[in-house]
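Hi,

Here is the structure I promised to pass on. Have a look first, and my notes follow below.

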Amino acid sequence: RVEELFKSYFDYLTLRSDGSRTRYSLRKDETLSSIAASIFIVSRNEGIPRTFREIYETTKVPKKEIGSRVRAIERSLRGVKISKIRNTEDFISRFCSKLGLPVFISRLAEKLAKTVREKEGLYGKNYISVSAASIHVISQLSPIKNKCTAKEIAKVAGISEITLRLTQKAMYPYRDKILKTLIPPNFNHYKLENSVENFLEN
């Protein structure tokens with residue numbers, strides 16, 4: 001699919017109405033950014049989304065160039081649109097794996113993200129930032145020794161630390177709902193409740 005999309009975009013850029021071409025190759029930077037953008041679009045539409053940072057790590061094309069080329073392809077090719085991401089699970093499991101976090105952290109972060117991602121203040125936010133903030137909350141509240149910092153998580157997610165912390169702050173009004181989601185019924189959660197409230201507030 002990536003090759004097909006790249007070929008369609010190449011034809012758009014170089015093919016005349018009579019079938020001849022204005023040129024037979026693109027500049028190296030055009031080629032690389034077009035391939036990177038094609039990977040981003042296809043992976044998103046196939047349900048295996050990748051962040052700009054992940055595409056950059058593979059192609060070494062700067063994130064701004066990828067974003068610019070993605071928009072150019074969408075404008076140029078009829079019917080080519082990026083599917084909206086409707087879940088956070090893929091991001092969370094992948095980010096946790098890269099951070100070396102245990103599976104239970106990933107599962108709890110997924111539960112947290114599902115609980116808050118459609119709430120006021122969080123609805124419409126980038127699912128990458130919701131994923132990163134959820135991982136940070138669970139990582140810091142868990143008993144594991146090697147906790148990940150906001151800076152480390154933000155780097156893996158390809159967002160700024162400020163974005164992560166703002167998303168985390170937006171979770172604060174839903175701390176009671178978060179507690180009910182993360183801990184079993186009849187559990188003595190006084191200490192955890194204080195921890196969640198203090199952590200989200202800071």
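This is a predicted model: local features need pLDDT of at least 70, side-chain atom pairs count only at pLDDT 80 or more; totals for chains, interfaces and linings use all residues.

What should the 18 residues of helix α2 (residues 28–45) span at 1.5 Å a residue? The answer is 26 Å, and the end C-alpha atoms are 26 Å apart, which agrees; the expected span is 1.5 Å times one less than the number of residues. Helices here are DSSP runs (H or I, at least four residues), numbered from the N terminus.

Residues are numbered from 1 along each chain as its sequence is written, and side-chain values use heavy atoms, leaving out hydrogens and water.

Back to α2. Its buried residues (under 20% relative accessible area, 1.4 Å probe, protein chains only) include Glu30, Ser34, Phe40 and Ile41. Among what covers the buried residues are α1 (2–14), α3 (52–59) and α4 (63–76). Ser34 counts as buried because its relative accessibility is 1%. A polar atom of the Ser34 side chain lies 2.7 Å from the backbone oxygen of Glu30. Leaving aside residues up to four places away in sequence, Ser34 touches Phe6, Tyr9, Leu26, Arg69 and Ile73 (heavy atoms within 4.5 Å). Just after α2, Gly47 has a positive phi of about 85°.

Further along, the axes (lines fitted to C-alpha atoms over the stretch in contact) of α7 (residues 127–141) and α9 (residues 161–170) come within 8 Å and cross at roughly 75°. That makes α7 roughly perpendicular to α9 (65 to 115 degrees).

Cheers

Conventions: Axes are lines fitted to C-alpha atoms, for helices over the stretch in contact, and angles run from 0 to 180 degrees between N-to-C directions. Helices (H or I, at least four residues) and strands (E, at least two) are DSSP runs, numbered from the N terminus. Angles under 35 degrees count as roughly parallel, over 145 as roughly antiparallel, 65 to 115 as roughly perpendicular and the rest as oblique. Buried means under 20% relative accessible area, exposed over 50%, partly exposed in between (1.4 Å probe, protein chains only). A polar contact is a pair of N or O atoms within 3.5 Å; within protein, one must be able to donate a hydrogen and the other to accept it, and residues adjacent in sequence count only if both atoms are side-chain atoms.
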